[in-house]
Amino acid sequence: MEKIQHKMVAVNGLNMHIAELGQGPLILFLHGFPELWYSWRHQILYFAAHGYRAVAPDLRGYGDTTGAPLNDRTKFTTLHLVGDLIELLNSIAPDEDKVFVVGHDWGALIAWDLCLFRPDKVKALVNLSVPFFPRNPAMNIVEMFRALYGDDHYICRFQEPGDIEAEFSPLGVERVMKKFLTNRTPGPIYFPKGEGFGDPDAPIVLPSWLSEEDVDYYVSKFEKSGFTGGVNFYRALDLNWELTAPWAGAKVTIPTKFILGDLDLTYHITGMKEYVHNGAFQKDVPLLQEVIVIEGAAHFVNQEKPEEINKHIYNFIQKF
């Protein structure tokens, strides 16, 4: 891990922190919630050793990336997030027309939009956990989840500024991180008002793929930054729906591989398995070459099954 290099890059008024290692074609790794560049630690080392330049930023509002106005959710739209990546690439790889992109969770959502908005910048895409969500002209994603699961669903609870942060505060950052990262319930996450993460005294056993040292790194960063930056991605979902109207019906025309665990909560969203496997996903992403479902893996699949994920990514991008 000490081989990984860290630098700050000026991006759209932010000081964006990136972790990188290696030389060769650039692979941009995009993390999800509540994560950091650190989520890709295994992938950075692997791909640097296999002839690639692996770059993983802390996204807007996360970790050591500073400058985003945390009290303004309107500065966390997908246009801002994709814009940050374009400016980052222009800065760190000005001579590279196209790069490989690998996204997980929110990173996958951003990667889908990057491919929609700027297909000229992406050579090939590997997305984990979150498939493409075609824009529903009648209902935004927050309304969809409220209709499916009610007001206690985590995406709905994340909408009110300061609300979920107040729920998390008495639990402490360490417990919140451990609860998220060790969650293996394939169903939806609920946060009933005032109940936080359930029993605050119940012991949390870390899985073999997540060490106390790993947790400590996340905790050290989220204790400084708080969770608001990451939660703001959810608070801008309604704005995203409005702003992405010009891309209604647009298809992702980038060669793509999609991977998720069979215990991933996203895989168990109502209607998701049918969408992924019965042809609709392929219509929206016509160059989708493969869908991989990893047995016994939950949401944080790149950390839980790094060797398997690394080989899947490597075997795919080697084609290009």
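A pocket is, on a 1 Å grid over the protein atoms alone, an open set of points with protein on both sides within 12 Å along at least five of seven lines, whereas a cavity is a set of points where a 1.4 Å probe fits but cannot get out, and lining residues have an atom within 4 Å of a point. Grid points are joined across faces, edges and corners, and a volume is the space filled by probe spheres set on the points.

The model shown is predicted, with local features requiring pLDDT of at least 70 and side-chain atom pairs counted only at pLDDT 80 or more, while totals for chains, interfaces and linings use all residues. Residues are numbered from 1 along each chain as its sequence is written, and side-chain values use heavy atoms, with hydrogens and water left out.

**View 1. The largest pocket and its lining.** The largest pocket holds about 640 Å³ of space, and among its 31 lining residues Phe133, Pro134, Arg135, Asn136 and Ile141 lie nearest the centre. Two or more lining residues come from each of α3, α4, α10 (237-243) and α11 (272-277), helices being DSSP runs of H or I with at least four residues and strands runs of E with at least two, numbered from the N terminus. Helix α3 gives the largest share, six residues. By class the lining has 20 nonpolar, eight polar and three charged residues, where Ala, Val, Leu, Ile, Met, Phe, Trp, Tyr, Cys and Pro count as nonpolar, Asp, Glu, Lys and Arg as charged, and the others, Gly among them, as polar.

**View 2. The largest cavity.** The structure holds one cavity of 30 Å³ or more, and the volume of the largest cavity is about 380 Å³. Of the 22 residues that line the largest cavity, Asp105, Tyr154, Ile155, Tyr234 and Thr266 lie nearest its centre. The elements α3 (106-117), α4 (141-149) and α5 (154-157) each give two or more residues to this lining, which divides into 17 nonpolar residues, four polar and one charged.

**View 3. The second largest pocket.** A volume of about 210 Å³ is found for the second largest pocket, which is lined by 15 residues, with Asn183, Thr185, Ile189, Tyr190 and Phe197 nearest its centre. Its lining comprises seven nonpolar, six polar and two charged residues.

**View 4. Helix α1 and its cover.** Helix α1 (residues 41-48) has six of its eight residues buried, so it is largely enclosed by the rest of the structure; buried means under 20% relative accessible area, with a 1.4 Å probe and protein chains only. The buried residues are Arg41, Gln43, Ile44, Tyr46, Phe47 and Ala48. Their cover includes the strands β2 (14-21), β3 (26-30) and β4 (53-57), together with the helices α8 (212-225), α13 (301-304) and α14 (306-317).

**View 5. Gln43 within helix α1.** Gln43, which lies in helix α1, is buried, with a relative accessible area of 0%. Beyond its neighbours within four places in sequence, Gln43 is in contact (heavy atoms within 4.5 Å) with Phe29, Asn302, Pro306, Ile309, Asn310 and Ile313. The C-alpha atom of Gln43 is separated by 8.6 Å from that of Glu307, although these residues are 264 residues apart along the chain.

**View 6. The chain as the setting for the close-ups.** The secondary structure of the chain comes to 14 helices and eight strands. Buried residues make up 55% of the 320 residues in the chain, and of the contacts between residues at least 6 apart in sequence, 78% join residues at least 24 apart.

Technical notes:
Buried < 20%, exposed > 50% of the residue type's maximum accessible area, 1.4 Å probe, protein only.
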